[in-house]
Amino acid sequence: RCLLKMVKGNIIVPEEILSFCCNGLQGSTSTPRAQEPGEQEEAPGDMASPSPARNPTEVQMSQMVLPCHTNHRGELSTGQLLKWIDTAACLSAERHAGRPCVTASMDDIYFEHTISVGQVVNIKAKVNRAFNSSMEVGIQVSYEDLCSGKHCSICKAYATFVAQDPSCSKVKLKPLTPQTEEEKLEYSIAAERRRMRLAHKDTIKDLLTHSPHDTELETRDGSRAVPAEKTRVESVELVLPPHANHQGNTFGGQIMAWMENVATIAASRLCHAHPTLRAIEMFHFREPSQVGDRLVLKAIVNNAFKNSMEVGVSAEAYGQEMSISPRHINSAFMTFVVLDQEGQPRTLPMVTPEPGDGERRYREASARKKIRLDRKYVVSCKQTEVPLSVPWDQSNKVYLSYNNVSALKTLIAKANWALAREKEKVRMYTLEEDKFLSFRIEMSVGIMASQAFSLLSNLRRRHEWDSHYLSAQLVQRVDDDDMIYHVVSQRLRHENKPQDFVILASRRKPCSKGDPYVVAFRSVTLPTHPPREEFTRGETLCSGFCIWPESEEMSKVAYYNQATPGYLNYVTTNVAGLSSDICATFEACEKFLLKNKDNIISQFQNL
């Protein structure tokens, strides 16, 4: 279905689409085709255009799965896979840093498939972005069946590494310059993922604050409850030279493998079967351990749901003097299932928590399950499979904010925008992908980027320059960077009442020099603001502003919007009217910015 119609070289678009109140979609990145086995590289003298230079931080590792790497089912042990992932990621980090690096954290990992003996594990790792003293490494894991030639994705992970000098002090890292569209996208969104990591502790605190204080034991017909104490596991490991890296510190991957081992034993004690690990919540390495340390690993089933269970696991390190208080090295939460012969999850026994801390862990596990489902719903799933307006609540606010900004950054990073119209200072670009038509409208304005950012982030003033707006009421101030508004816009051409929207506005200042200011919009659902008869409820999934400083007194202001097929009914032949409407709207925006640049109230005061 063609989304664009050309009439005398002009794009036909409705003026309603110019408002931010249009639907959108977070794009997805594409992975370059891997070189096939036996495929020859182009000779330097070939006429074909040369392939892009390989990322200097990229590390590729291929490992044949042997019986010594597997569990009782002949499948690759997750602990072994974690060791390979950590090794590949560390090598990539050290390529960029030029010195030894240590694992600081590993983000949540979701395992999609198991790997059998004889198959090959392919791991690709490369640095996405270097911050001041830490860097994010992206890891892609797939398996390859050498007999059938089949390839399948296993998981995608993000790890944070810190470079260290000989005195174990942190080292300031050199910046990374992305080259390809995919690298630019990962570079941009890495800042948002870092923000989510730093907010992880606060997210957990909110989880505890808003989880119910009374333990509510789940009831399941015909199921006998198992005391959580019966699933407790404790194991001691002596850190030997083979477990350590070239600095004498224990490999992060080795610690993760030991933690996975005791967690699997705890899960097996509940179900009396061999469980399968499905997900790991973020590993965070709080302190290093060295050769000679004794690592005490503890695990217990926190809660068992109908088809899955959560196991909490921790690692503590002792020196040779066991009388000294232990150092907390790491902790994580792992989700297991038990599969039947058809590969379907079995119903699990219930868990009776221990009094006190056991009941607290039981409640936390239920809340974490909700967060995992929210995160998967908001971040991981395909946007075409969910409603545009996602319910907002305290547990998913971090992930909704992340998704809001990363969706806009994904759209910004697209490379194949086509210039469709240019009139005076205003340039209009279009991008056609699948069922979605995207617009970018930009202009240069004589204002500091920070000033434009402050003015355009305040939706309550949007009506001063955008004629499509009637009003915007601040409903909830989530934090300094995220606000929820109830917006009322003008009537659409074929409607007899105005539209209203419940919008999450997320604003981001530059993470480092060269980054733009970003203001992202998406629809959310609030129980306090259901659809009302006097309005037509509208939705937007991806729209917002991106502001680049061109000089101290000049900025490039760009507005992005994605329109779904539902809005194509409003496409008309009013090309001249559209062009004049675009110019009028953005000329009004420029006047608004110039008029108010010296009267900005910072940090949304008096909103």
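Trainee: What is the chain made of?
Mentor: This predicted model has 8 helices and 27 strands. Buried residues make up 53% of its 607 residues. The accessible surface comes to about 28500 Å², and 51% of that belongs to carbon and sulfur atoms.

Trainee: Why is Arg197 called buried?
Mentor: Its relative accessibility is 13%. The cut-off for buried is under 20%, so Arg197 counts as buried. Its place is in helix H2, residues 181-198.

Trainee: Which residues is Arg197 in contact with, leaving aside neighbours within four places in sequence?
Mentor: Ser105, Asp107, Glu136, Tyr158, Thr160 and Met282. Also look at Met106, 91 residues away along the chain. The C-alpha atoms of Arg197 and Met106 are separated by 9.8 Å.

Trainee: What makes the pairing of Arg197 and Glu136 a polar contact?
Mentor: Their side chains are joined at 2.6 Å.

Trainee: What makes Arg360 and Glu364 a salt bridge?
Mentor: The N to O distance between their side chains is 2.7 Å. A side-chain nitrogen of Lys or Arg must lie within 4 Å of a carboxyl oxygen of Asp or Glu. The pair therefore qualifies.

Trainee: Why are Arg360 and Glu364 separated by about one helical turn?
Mentor: Because they are 4 residues apart in helix H5, residues 357-380.

Trainee: Are Arg360 and Glu364 buried or exposed, or in between?
Mentor: Arg360 has 34% relative accessibility. That lies between the cut-offs of 20% and 50%, so Arg360 is partly exposed. Glu364 has a relative accessible area of 8%. That is under 20%, so Glu364 is buried.

Trainee: How do you know that Glu590 and Lys425 form a salt bridge?
Mentor: Their side chains meet at 2.7 Å, N to O. The limit is within 4 Å, so the pair counts. This pair links distant parts of the chain, 165 residues apart. Glu590 is in helix H8, residues 575-596. Lys425 is in the loop between strand E18 (418-423) and strand E19 (426-433).

Trainee: What makes Glu442 and Arg427 a salt bridge?
Mentor: The closest N and O atoms are 3.1 Å apart. That is within 4 Å, so the pair passes. Glu442 is in strand E20, residues 436-445, and Arg427 is in strand E19. They are 15 residues apart. Glu442 has a relative accessible area of 5% and is buried. Arg427, at 18% relative accessibility, also counts as buried.

Trainee: How many disulfides does the search find?
Mentor: The search finds 0. Cys152 is buried, with a relative accessible area of 16%. Cys542 is buried too, at 1% relative accessibility.

Trainee: What makes the phi of His272 worth a note?
Mentor: Most residues other than glycine have a negative phi. His272 is not a glycine, yet its phi is positive, about 50 degrees. Its place is in the loop between helix H4 (252-271) and strand E11 (276-280).

Trainee: Why is His272 called exposed?
Mentor: Its relative accessibility is 71%. The cut-off for exposed is over 50%, so His272 counts as exposed.

Trainee: Which residues make the nonpolar surface patch?
Mentor: Met64, Leu66 and Leu146 make a patch of about 260 Å². Leu66 is in the loop between strand E3 (59-64) and helix H1 (78-97).

Key
Residues are numbered from 1 along each chain as its sequence is written. This is a predicted model: local features need pLDDT of at least 70, side-chain atom pairs count only at pLDDT 80 or more; totals for chains, interfaces and linings use all residues. Side-chain values use heavy atoms; hydrogens and water are left out. Helices (H or I, at least four residues) and strands (E, at least two) are DSSP runs, numbered from the N terminus. Buried means under 20% relative accessible area, exposed over 50%, partly exposed in between (1.4 Å probe, protein chains only). Contact means heavy atoms within 4.5 Å. A polar contact is a pair of N or O atoms within 3.5 Å; within protein, one must be able to donate a hydrogen and the other to accept it, and residues adjacent in sequence count only if both atoms are side-chain atoms. Patches are made of residues with over 30% relative accessible area and no salt bridge: like charges are joined within 9 Å, nonpolar side chains (Val, Leu, Ile, Met, Phe, Trp, Tyr) within 5 Å. Accessible areas come from the Shrake-Rupley method with a 1.4 Å probe; for residues, only the protein chains shown count as cover. A disulfide is a pair of cysteine sulfur atoms within 2.5 Å.
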